[in-house]
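Here is a short tour for anyone meeting this protein for the first time. Have a look at the fold, then read on.

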Amino acid sequence: MNWYEKLNEYFPVEEMKSKEHMEALLKEKSNVYYKDEGENHVLMYAEFDSFLFIDYVYVSTASRGQGLGHKLIEKMKAKGKPIILEVEPVDYEDSDTEARLRFYQREGFKHAKSIGYTRRSVVTDELNQMEILYWSPEDASEEQIYEQMKEMYTEIHTYKDKEFYGKSYQPVDEVLTHDEDRDTENILKELDKTKN
């Protein structure tokens with residue numbers, strides 16, 4: 001399987017970029033968008049001046065539990081910038097979502113509770129709600145993370161979207177919101193309640 005097939009098999013269709021979109025990012029935004037690939041992993045990420053965005057992390061089933069994910073995250077942390085990523089809320093029918101959240105919790109990520117993120121999939125046309133997790137070496141505020149997410153969304157997610165999907169993603173202000181009083185649970189703290 002090539003790197004795209006691995007990602008496509010692991011991630012839900014509404015979260016996947018098309019292969020053409022990702023190849024264009026790797027080629028035309030090669031100063032920002034990167035692929036770190038090995039026999040048992042694929043890591044797609046964007047590195048901006050002031051932060052990193054992890055687009056996709058795939059670790060093969062055979063090599064899970066061997067510290068490979070930890071090594072990949074450590075490599076990102078060594079760059080000394082905030083790291084941002086999108087995750088699905090926990091679906092207790094899908095043990096992968098919980099395992100993924102527990103992994104990021106162990107790695108020291110925080111839930112950006114004040115950031116709302118809902119976008120319509122250009123593939124399925126369904127609304128897809130995601131949560132934002134972040135790690136920061138110097139305790140970045142959620143407001144800073146929100147501004148960085150807006151930059152990433154505009155530069156990466158919507159790059160040439162009309163060309164690749166025949167229609168555009170929603171504008172950033174429709175997708176991302178920042179509200180200190182947003183009524184949501186801390187998804188990482190919720191995990192601790194289920195550890196019975």
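Strand β6 (residues 115-120) teams up with strand β8 (residues 176-178) in the antiparallel sense, over 3 bridges. Strands here are DSSP runs (E, at least two), helices are runs of H or I with at least four residues, and both are numbered from the N terminus; two strands pair if DSSP finds at least two bridges between them. β6 also runs antiparallel to strand β7 (residues 127-135), joined by 4 bridges. β6 and β7 form a hairpin with 6 residues between them, and Asp125 in the turn has a positive phi of about 65 degrees.

Two of the bridge partners look like this:

| Residue | Bridge partner | Strand of the partner |
|---|---|---|
| Tyr117 | Leu176 | β8 |
| Arg120 | Leu127 | β7 |

A word on the ground rules: this is a predicted model, where local features need pLDDT of at least 70, side-chain atom pairs count only at pLDDT 80 or more, and totals for chains, interfaces and linings use all residues. Residues are numbered from 1 along each chain as its sequence is written, and side-chain values use heavy atoms, leaving out hydrogens and water.

Now for the whole protein. It has 8 helices and 8 strands. Its radius of gyration (over C-alpha atoms) is 16 Å, close to the 16 Å that the globule rule (2.2 Å times the number of residues to the power 0.38) gives for 196 residues, so the protein is as compact as a globular protein of that length. The C-alpha trace spans about 45 × 40 × 35 Å along its principal axes. Buried residues (under 20% relative accessible area, 1.4 Å probe, protein chains only) make up 51% of the 196.

How values were computed: Buried < 20%, exposed > 50% of the residue type's maximum accessible area, 1.4 Å probe, protein only.
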